[in-house]
Amino acid sequence: MNLLSPIFSLLAQTGRTGGGFWFPESASTAAPDVDSVFNWITRICIFFFVLIVGAMLWFMFKYRRRGHVPSMESPTHNMPLEITWTAIPMILVILIFYIGLKGYVNITTPPENSYEIEAVGQQWYWSFNYPNGATDTTLHVPVGRPVKINLRANDVLHALFIPAFRVKMDAVPGRHTELWFEATREGKFALYCAEYCGTQHSQMVGTVIVYNQFEFEAKIDELANWLDKVPDEDLHKAGTILYNRCTSCHTTDGSPLIGPSFQETHELFKSGGTRKLADRSAVTVNEDYLRNSIRKPYDQIAANPQGLAYPSSMPANMADQLGSRGVEAVIQMIMRLDELVDDEWKLKKVERADIAVEAEEPQ
Ligand code: HEC
Ligand SMILES: [Cu+2]
């Protein structure tokens, strides 16, 4: 094995953050176990590949046909050899099974004291709900504390996949699934949907941010309360931050996506125009229509100007996710969209910190 060790270390480089050739960086307590099983299986495969193919090539050379040598009778049986090549692989396979089972049981059994977060998969983004009422499309977690994720799917199958933590679990409509991890260091890591879930599956990507316990609590407090801190006259600006929940289906610049572009909706609102509906009726685009479209997406299904119905795919729980102040914020955003965009009707960036006013601390 020594001869091959430079190759192994190249293939399974373990730098400061783990990972290497095969793996992304590693940042959870489960990662070293997963990586070591994988690396050992790979090493065993390389060893036997070299042994078997090497022996084959050697025999091909050694026993190549040379002139008219009379052929020997081939051996039929060799007990010690057969026992060896049965017993050794069997021990190896049992060992791999044992290590794999141990790791699997660990990955699927969340510790009692885990911090629980609900993850909701929908076409085409994840949203994460915290015990204190905060909701975000980014996953915020504390370092060094087991976190249990309760998974739910709103529409079709999704799967939450966090490569740096080496965890992946399906989210199935009508079924509860879970996964857990304990992050080992602070930082930002990618998360994905790992189950093909429709045309924009590839855009169902997000971020996990790992904080120290103190920063973590501050973050989810801020998330739970930030809209309350936004004064009414800035609510339309807050809407542009919540718009990240709409981007997979609505643009602001008129370009087509799953649902109507908010540019069109905004212009209909401004001009007091009407929206054709799928049932061939028409409705004036006013504040009530917008509110109803968000609170009950399945109620008045919009059609495009040619009269073709849009799919009824807007998430039914959109209003729950936004909260009532959030719903008002996105309505304000649509109504005042022209104030919020640049010349090309792209939204200008708004930071939470710019619009949320801190309450004066009593001294
Ligand atoms: C998964 C896709 C999807 C997402 C995400 C989504 N919508 Fe929609 N939305 C639609 C579709 C499709 C329609 C048209 C059919 C209908 O009326 O339900 C629509 C219609 C609307 C309408 C009516 C527009 C009009 O011009 O008639 C409003 C308002 C609206 N959505 C607001 C929102 C807001 C605000 C968000 C984000 C907080 C959002 N939607 C997120 C798919 C989506
Ligand atoms: Cu998905």
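**Group meeting: a walk through the model**

Let's start with one pair of residues. Gly121 sits across from Trp126, a residue of strand β2. Keep in mind that this is a predicted model.

That pair takes us to two strands. β1 covers residues 115–122, and β2 covers residues 125–129. They pair in the antiparallel sense, over 5 bridges. In general, strands of a sheet pair through backbone hydrogen bonds, either parallel or antiparallel.

Now widen the view. What is the order of the strands in the open sheet? There are 5 strands, and they run β3-β2-β1-β5-β8. The pairing is mixed. At the edges are β3, residues 135–136, and β8, residues 177–182. Each of these edge strands pairs on one side only.

Next, the domains. The protein is divided into three stretches. Domain 1 is 2–58 + 82–108, domain 2 is 115–212, and domain 3 is 230–355.

On to the largest nonpolar core. This core has 35 residues. Which members touch the most others? They are Ala119, Leu160, Ile162, Phe165 and Leu179. Strand β5, residues 146–153, gives the most to this core, with 4 residues. Why does the core lie between domain 1 and domain 2? Because both domains give residues to it.

Take Ile162 as an example. Leaving aside residues up to four places away in sequence, Ile162 touches Val167, Phe189, Leu191 and Val208. There is also a second, separate core, of 27 residues. Among its members are Val327, Ala329, Leu340 and Leu347. As a general point, nonpolar side chains tend to be buried together in soluble globular proteins.

How do domain 2 and domain 3 meet? Their centres, taken over C-alpha atoms, are 26 Å apart. In contact are 10 residues of domain 2 and 7 residues of domain 3. On the domain 2 side, we find 2 nonpolar, 8 polar and no charged residues.

Last stop, ligand 1. How many residues surround ligand 1? The count is 29. The closest are Cys246, Cys249, Gly259, Thr265 and Tyr310. Three helices each supply at least two residues of this shell: α6 (262–271), α7 (287–295) and α8 (318–335). The largest share, 4 residues, comes from α8. By class, the shell has 18 nonpolar, 8 polar and 3 charged residues.

Methods. Residues are numbered from 1 along each chain as its sequence is written. Chains are lettered from A and ligands numbered from 1 in the order in which they are written. This is a predicted model: local features need pLDDT of at least 70, side-chain atom pairs count only at pLDDT 80 or more; totals for chains, interfaces and linings use all residues. A nonpolar core is a set of buried Ala, Val, Leu, Ile, Met, Phe, Trp, Tyr and Cys residues joined through C-beta atoms within 7 Å. A residue is buried if 20 or more other C-beta atoms lie within 10 Å of its own, exposed if 12 or fewer, and partly exposed in between; C-beta atoms are placed from the backbone. Domain bounds come from an automatic or database domain assignment. Two residues are in contact if their C-beta atoms, placed from the backbone, lie within 7 Å. A residue is near a molecule or strand if its C-beta atom, placed from the backbone, lies within 6 Å of it. Ala, Val, Leu, Ile, Met, Phe, Trp, Tyr, Cys and Pro count as nonpolar, Asp, Glu, Lys and Arg as charged, and the others, Gly among them, as polar. Two strands pair if DSSP finds at least two bridges between them.
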